[in-house]
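Please keep the display in view while going through the points.

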Amino acid sequence: MAHLHRSGGTDGASPSEVPETNKTLLAVAGVLLAIPVVALLWVSSYARESPRLWGFPFFFWYQFLWVFICAGCTYTAHRLVLAARTPRPGVGAHRGDEETGR
Amino acid sequence: MSAALVPLVAGKDGLDGVALAVLIVLFLVVTVLGFMASRFQRGDSLESLDEWGLGGRKFGTWVTWFLLGGDLYTAYTFVAVPAAMFAAGSVAGFFAVPYTIILYPIIFVFMARLWSVSHRHGYVTTADFVRGRYDSRALSLAVAVTGFVATMPYIALQLVGIQAVLDVVGLGGGGNWLAKDAPLLIAFVLLAAYTYTSGLRAPAVIAFVKDGLIYLVIIVAVIYLPSKFGGWTEIFGAAQDKMAATNPTTGKPTGSFIPVSGQMWAYATLALGSAMALFMYPHSVTATLSSDSRTTIRRNASILPAYSFVLGLLALLGWVAIAAGTKPIGVDGKPNPQLVIPQLFEDSFPSWFAGIAFAAVAIGALVPAAIMSIAAANTFTRNIYKEWIRPDATHAQEAQVSKVASLVVKAFALVFVLTLDKQNAINFQLLGGIWILQTFPAIVFSLYTRWFHKWALLAGWAVGIVYGTYAAYEIVNPLTGKHFGGSLAEIPGLGDMGYVAMTAFVLNLVVTVVLSFALNAAKVANGSDETAPGDYFADAGDARVERNRPVLEAGTDQPAG
């Protein structure tokens, strides 16, 4: 949880400014997001019939189970990413600094 | 509408009047909703692409959930996935489940960045972003054309989904051209009319009805049908027997019950390739960019899997149909696995509930068809019309061109389905999936770095497309002897079968990396970048956002009405 400085709602955000980021939290979020992908792409780990659950072969109920695990991982990652980044300066303010990028 | 239909179909055998009446009533309800949608979360006027084509960029979490759910899980999916399970088993059909699960961690990573940079610079399409990132008209055009071309057959397939339902109800097999195609024609004229007037708001509102019906039908079907056909053990047993039986033509098993050794790569690459490709399609991007904040899309990544669960249940209904002994035979008397789910409902449910189920599929086709045509039209307007034909087009002109383009796109899809064999639409959809994945490096990698060179990205894209098309052509269906017979081919150097889009993607990647290295070493200019690092983190209400409309009532998470 180191290096987390809140720069607060200061104005005049320069376009090159990237919000302060807690890298540890982002890394944890990254791992949480990678888990379902690795688990489901590793097909040989679950391509079998037993044990059955309510008549469903393992192959099927195991993948259904991952719908919930994945949703949990993604939601946790979402909370972590929100916590990892300082709110962007200027957010919520109705201020136009006359910058036209295009 | 019903008065017009009756004389066309009177006297035909197998017409289910009650189911048809329910279907027509529900269809009329969504038509009215579609026209009324123009007032939903209304901005000052519809005369800009932000309003017409992106619903004002202010859909909150729940509207986005319904819209994306209605967009990604299309009627064709609901017809084709169980059909694939029924005909060829789990490798062909059930991969849709891991595909739509791993999809969400993948898009979680990059879609927020795409949302932010698009919000900051007013991008409407991915090609807009590529244009801004490299100032490269060629690369932007490649991305735009790929998206446009890949979307067209996808729209056509939504019509195939509606046709499947009409076929089972007993419509669409009449002797003359008019009786055969009139129902589909009417459905599409109505769809075109309210998309034209309401823009993206129409599918957003209709999606509520569509998803409500789909959930209702699937939950009832999954609770009621297994008990009717002897329980899940019986159903899996029947499927296992059918898949293990030897096909007399090929001398091989009919299909796969559970992937066996040698099919693991096929299953995994189909899931991964499809997941990476889905959010490269213009319609997925349109639905994402219409959301009101950077967090909306990430929050949605954790609630959208609810649809994946339903899709898995629906896939298994293909096997319920095996146990039920469903015979999917069209009005023309030919067997057609695409009809298996409508036929199962027709056989197992009372007419009125079958009508609701049919309406769910038919309305399920309208939502994605509307979003896809809007997305294709936005792509045409921004990246072809404004970029190459009328660079000085105003916002009102852009909206007007886009509205007309959405009509043309739909008309094209209709002609495609009515005049050509359905198999062409399916083949092109297969190719579309291969092609769209080749835009992944240009879009996703560019969100993070400009190390990749614009010419290398273009070359990789071209190699991927040429190889993928060739590889898909070489796949011959063992039963019919026709080309484009599937999406699996031997992975060179590995020996196992795999999704050709992924093989093409790897080749694309190698070319892109090698050429980027060479071009960067030779210090070849890589265009100018109008985006700044901070743009990729911009959120709603960012002070620096360019706006062509003086509104900022965003932040309302509640759907109004």
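This is a predicted model: local features need pLDDT of at least 70, side-chain atom pairs count only at pLDDT 80 or more; totals for chains, interfaces and linings use all residues.

1. Residues are numbered from 1 along each chain as its sequence is written, chains are lettered from A and ligands numbered from 1 in the order in which they are written, and side-chain values use heavy atoms, with hydrogens and water left out.

2. Chain B holds 23 helices and two strands, which are DSSP runs (H or I, at least four residues, for helices; E, at least two, for strands) numbered from the N terminus. Of its 561 residues, 63% are buried, where buried means under 20% relative accessible area, exposed over 50% and partly exposed in between, with a 1.4 Å probe and protein chains only.

3. Helix α13 of chain B (residues 264-278) has 15 residues and should span 21 Å at 1.5 Å a residue, a value that agrees with the 21 Å between its end C-alpha atoms; the expected span is 1.5 Å times one less than the number of residues. Because 14 of the 15 residues of α13(B) are buried, this helix is largely enclosed by the rest of the structure.

4. Asp135(B), in the loop between α8 (126-134) and α9 (137-169) of chain B, has a positive phi near 50 degrees although the residue is not glycine. Asp135(B) is partly exposed, at a relative accessible area of 41%.

5. Lys523(B), in the segment after α23 (500-521) of chain B, likewise is not a glycine and has a positive phi of about 55 degrees. Lys523(B) is exposed, with a relative accessible area of 73%.
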